[in-house]
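Here are a few exercises to work through with the model open beside you. Try each task before you read its solution.

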Amino acid sequence: MLALQANIGFSLAIEWERCPDGVDLVDLRPEPLPENASLLERIRPEGLHFRPKNPNRVTERLSLDSLESLVALRFTNASDVEALRAFLDRYGLPVAYGEDSLERLVSRQRELKSFLNDYVPYVHAKRGEVQRQIINEFLKGFVLSPQIAIGALGMNVELKPRSLWQYMFMELLLAASLGAQPHACENCGDVFLTGKHTERRSTAHFCSDKCRVASFRNARRKVSGERDRLARGDHSLASSVQGRNGAVK
């Protein structure tokens with residue numbers, strides 16, 4: 001945390017509410033509306049939605065302490081409904097609404113992935129002026145509340161986004177400002193960061209030792225399977241030749 005703070009000159013944090021009992025995935029099926037239905041009733045949400053299980057709330061503090069534990073990457077890498085549910089159970093909904101649709105959450109994941117792939121690599125690039133302009137336009141809608149905090153390095157300015165959604169974008173932007181680059185794991189497909197302030201070299205192909213070992217084992221099984229297939233093929237060919245020779249006799 002201290003190394004990051006020293007390099008970016010400030011810290012990033014948020015106090016965010018979530019339901020301690022997690023979320024439910026509910027299907028808001030459309031129902032026939034009465035003729036005198038109000039406008040609010042007519043624009044009610046439909047489809048699969050995640051919503052807190054009850055009104056209970058706890059407030060948790062999230063802060064950018066390490067590029068190895070970005071909330072944004074945990075959200076982006078939640079590749080199925082159960083993984084997404086687990087993320088929401090742990091961190092809450094990205095925005096302070098009572099619920100969020102599955103469709104909208106998947107769309108938010110796509111936005112973060114696009115930001116990672118299409119903009120983050122160009123933050124420091126000489127030819128990245130267009131990408132930087134687009135980022136700046138996007139950031140105009142952000143609300144960051146600065147506060148003074150006293151930490152190990154003395155007085156520090158702490159920036160607090162107004163939502164978890166904005167916090168995740170700021171995580172990625174600050175990671176990019178430190179020179180981190182996104183990569184996709186060749187084994188599981190998860191996105192991870194390489195470069196300074198991360199635990200991986202820029203040439204890394206896997207997000208973890210677990211995936212590296214799994215990929216090696218899979219490759220070894222494929223080689224072994226190919227050898228077995230060739231051996232069976234050679235045996236079949238030898239048997240065929242021997243059969244033909246026997247027929248000639």
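**Exercise 1. Find which residue of β4 is the bridge partner of Glu15, then look at how the side chains of the two meet.**

Step 1. The bridge partner of Glu15 in β4 is Arg61. Helices (H or I, at least four residues) and strands (E, at least two) are DSSP runs, numbered from the N terminus. Keep in mind that this is a predicted model: local features need pLDDT of at least 70, side-chain atom pairs count only at pLDDT 80 or more, and totals for chains, interfaces and linings use all residues. Residues are numbered from 1 along each chain as its sequence is written, and side-chain values use heavy atoms, with hydrogens and water left out.

Step 2. Zoom out to the strands: β1 (residues 11-18) and β4 (residues 58-63) run antiparallel and are joined by six bridges. Two strands pair if DSSP finds at least two bridges between them.

Step 3. Now the side chains. Arg61 and Glu15 form a salt bridge, with their closest N and O atoms 3.1 Å apart. Arg61 sits in strand β4 and Glu15 in strand β1, so this pair ties together parts that are 46 residues apart in sequence. A salt bridge here is a side-chain nitrogen of Lys or Arg within 4 Å of a carboxyl oxygen of Asp or Glu.

**Exercise 2. Move along to Arg90: what does it form a salt bridge with?**

Step 1. The partner of Arg90 is Glu60, and their closest N and O atoms are 2.9 Å apart.

Step 2. Arg90 belongs to helix α4 and Glu60 to strand β4, so the pair ties together parts that are 30 residues apart in sequence.

**Exercise 3. Work out the order of the strands in the open sheet, and which ones stand at its edges.**

Step 1. Three strands make up this open sheet, in the order β2-β3-β5, with antiparallel pairing.

Step 2. β2 (23-28) and β5 (100-101) stand at the edges with a single partner strand each, so one side of each is left without a neighbour in the sheet.

Step 3. Take a close look at one pairing: strand β3 (residues 47-52) and β5 pair over two bridges, and the partner of His49 in β5 is Ser101.

**Exercise 4. Is helix α7 mostly covered or mostly uncovered?**

Step 1. Locate α7 at residues 164-177.

Step 2. Count the cover: 13 of its 14 residues are buried, so α7 is mostly covered.

Step 3. Just after α7, look for Gly179, which takes a positive phi of about 90°.

Technical notes. Buried means under 20% relative accessible area, exposed over 50%, partly exposed in between (1.4 Å probe, protein chains only). The expected span of a helix is 1.5 Å times one less than its number of residues.
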